[in-house]
Amino acid sequence: MDDLAYAIQELLFPRVSGLAVTAVYGAGPGVRVEARCTPPAVACPGCEQEATRVHSSYLRFPVDLSAAGRAVTVALRVRRFFCGSVRCPRRTFVEQVPGLTRRHGQVTERLRNTLGVLGLALAGRAGARMAGHLGVPFNCGTLLRRVMDLPDPAATAPRAVGVDDFALRRGHVYGTVVIDADTHQVLDLLPERDADTLIPWLEGHPEIEVICRDRSGAYADATAAPQAQQVADRFHLWQNLATAAEKTVVAHRGHLKTLTLEAPAPEPAWETPLPEDSVDHDSSGHEEEIVEVQEDDSTGKFADRARAHHALVHELLAQGMSLRGIAQHLGWGRHTVQRYARAARWQDMVKGRKPPRRTKLDPFKPYLEHRWTEEEGRVTILDLHRKITERGWRGHYSLVRDWIRRDLPAYEKAPPPPPTPSVRQVTGLLTRHPGTLTEDDKLLRKAVLAHCPELAAAADLVSSFAQMLTTLSGTDLPTWINQAAAANLPGISSFATGLNSDYDAVTAGLPTHWNSGPVEGAVNRIKMLKRQMFGRAGFALLRKRVLLS
């Protein structure tokens, strides 16, 4: 083999032995690489005895990775050998190139691996689109088959595992995910979420010492690993307590309706000092306020237009333009420009307007003004509309509303009383960390607890349980359970009684660092993979992608 052929072979097929490139053609949109096998003897796949006698040869055309966006096809000359062993069931066999071909394969091994990686990362449809951009167009079914051909990761011997459920079809079908609590790697996916599915898996892993789980009864019954210590997750314990506290608040929400809260104090009206130039001294030395007489500040579309047009005309006059030139420049009539030019102020244009025309609301305006002033704006517009309707008004409500809002004075209304706290709001005051409460929240919490002794007792129980969770101390749990059960609070007392049925796991979970946080992260990744596959993939494909992702 010359130097050029050797360089081409090292460039196209590195680390592939027993292969010789004979020619490379770049005709058309693709690239054709001609190659042949070189080993003089090949081992029989049936008896592993080497054979040297050639039966025949033929061409295979496996598709390879694209080069510079062009499809690459390998025209590989392979030989069929006679097997010399009389005990071998094979009479003839075809040689394979390790790392390049396999039996009945239509693509090279590296392209097969690349398609598996694309399907593993992007699933079927997105992976097929990406493969088309890379110059190896394959449909989504091919990519998913390549994913299923990938081997499962090597089995490990975990010391601690985390167990949780995930939804295959939310509300209908659920499965179980098992992860290594030390490395956070997914160990397996099980198609059901019950003890009958988890027990056989645990029986195959006797080395497990710790099982982290939520307080689900299905996983609590998995006793196939008696040597393992079951640990109840602290987050789920707190979540259960928060739900129980909400039930307690619901049972005593009648006290919330009778709670009276003080209205917030109005903001102080700060006085703005007068500017220095607005104060003058008379001849006697006394300060005298200068009051500037405001001109008529008319409002409305015509007033705004008259103000702008008057300023424009006088600006053009100041530049030396004639009335006729201004009219031609603006496209106005000469008499219109003349009227603006003769007006010393723009208000002179407004004062010449006709008085507003009478409307059918005019007879009722005195009554509306009287009632509005008498009630100091505390009467609703709807009530006023009803009153004048009784007196003969037949117009629309919007006419009355627009006139009142536009022409009648606005009165400052007293601030409304604070709303009654909701069940969710009070539950948050009981279960949130005191450091996250604002001053208003602290005042509201103090008022609620002072008004309802039952909620005050619930707040004490929640705080003491939170103290055990944050300090990782479970020594006071029996005392807490007895106090909560004796308090006879709906929700919290039931929660305390339920802790006795899972007492060992709860007491083991309070003082240890094991938790189900990594399991929740694995469940989130499973949700992402499900959405990527449009939620229509089977369990086998989902399990393969989760284990290899």
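**Helix α17 and its surroundings**

Residues V426, L430 and T431 of α15 meet L455, A459 and V462 of α17, where contact denotes heavy atoms within 4.5 Å. By class, this contact has 5 nonpolar, 1 polar and no charged residues; Ala, Val, Leu, Ile, Met, Phe, Trp, Tyr, Cys and Pro count as nonpolar, Asp, Glu, Lys and Arg as charged, and the others, Gly among them, as polar. The model is predicted, so local features need pLDDT of at least 70 and side-chain atom pairs count only at pLDDT 80 or more, while totals for chains, interfaces and linings use all residues. Residues are numbered from 1 along each chain as its sequence is written, and side-chain values use heavy atoms, with hydrogens and water left out.

The axes of α15 and α17 come within 9 Å and cross at roughly 45°; axes are lines fitted to C-alpha atoms, for helices over the stretch in contact, with angles from 0 to 180 degrees between N-to-C directions. The two helices are therefore oblique to each other, a class left over once angles under 35 degrees (roughly parallel), over 145 (roughly antiparallel) and 65 to 115 (roughly perpendicular) are set aside.

Helix α17 covers residues 453-471; helices are DSSP runs (H or I, at least four residues) numbered from the N terminus. Its 19 residues should span 27 Å at 1.5 Å a residue, and its end C-alpha atoms are 27 Å apart, which agrees; the expected span is 1.5 Å times one less than the number of residues. Just after α17, L472 takes a positive phi of about 55°.

The buried residues of α17 include L461, F465 and M468; buried means under 20% relative accessible area, exposed over 50% and partly exposed in between (1.4 Å probe, protein chains only). Among the elements covering the buried residues of α17 are α6, α16, α18 and α19.

The largest nonpolar core has 23 residues, a core being a set of buried Ala, Val, Leu, Ile, Met, Phe, Trp, Tyr and Cys residues joined through side-chain atoms within 4.5 Å. F465, W480 and V506 are among those with the most contacts inside this core, and α17 gives the most to it, with 6 residues. V506 is in contact with R215, A232, L237, L477 and L499, leaving aside its neighbours within four places in sequence.

In the loop between α19 and α20 lies D502, which counts as buried because its relative accessibility is 12%. P478, in helix α18, is partly exposed at 33%.
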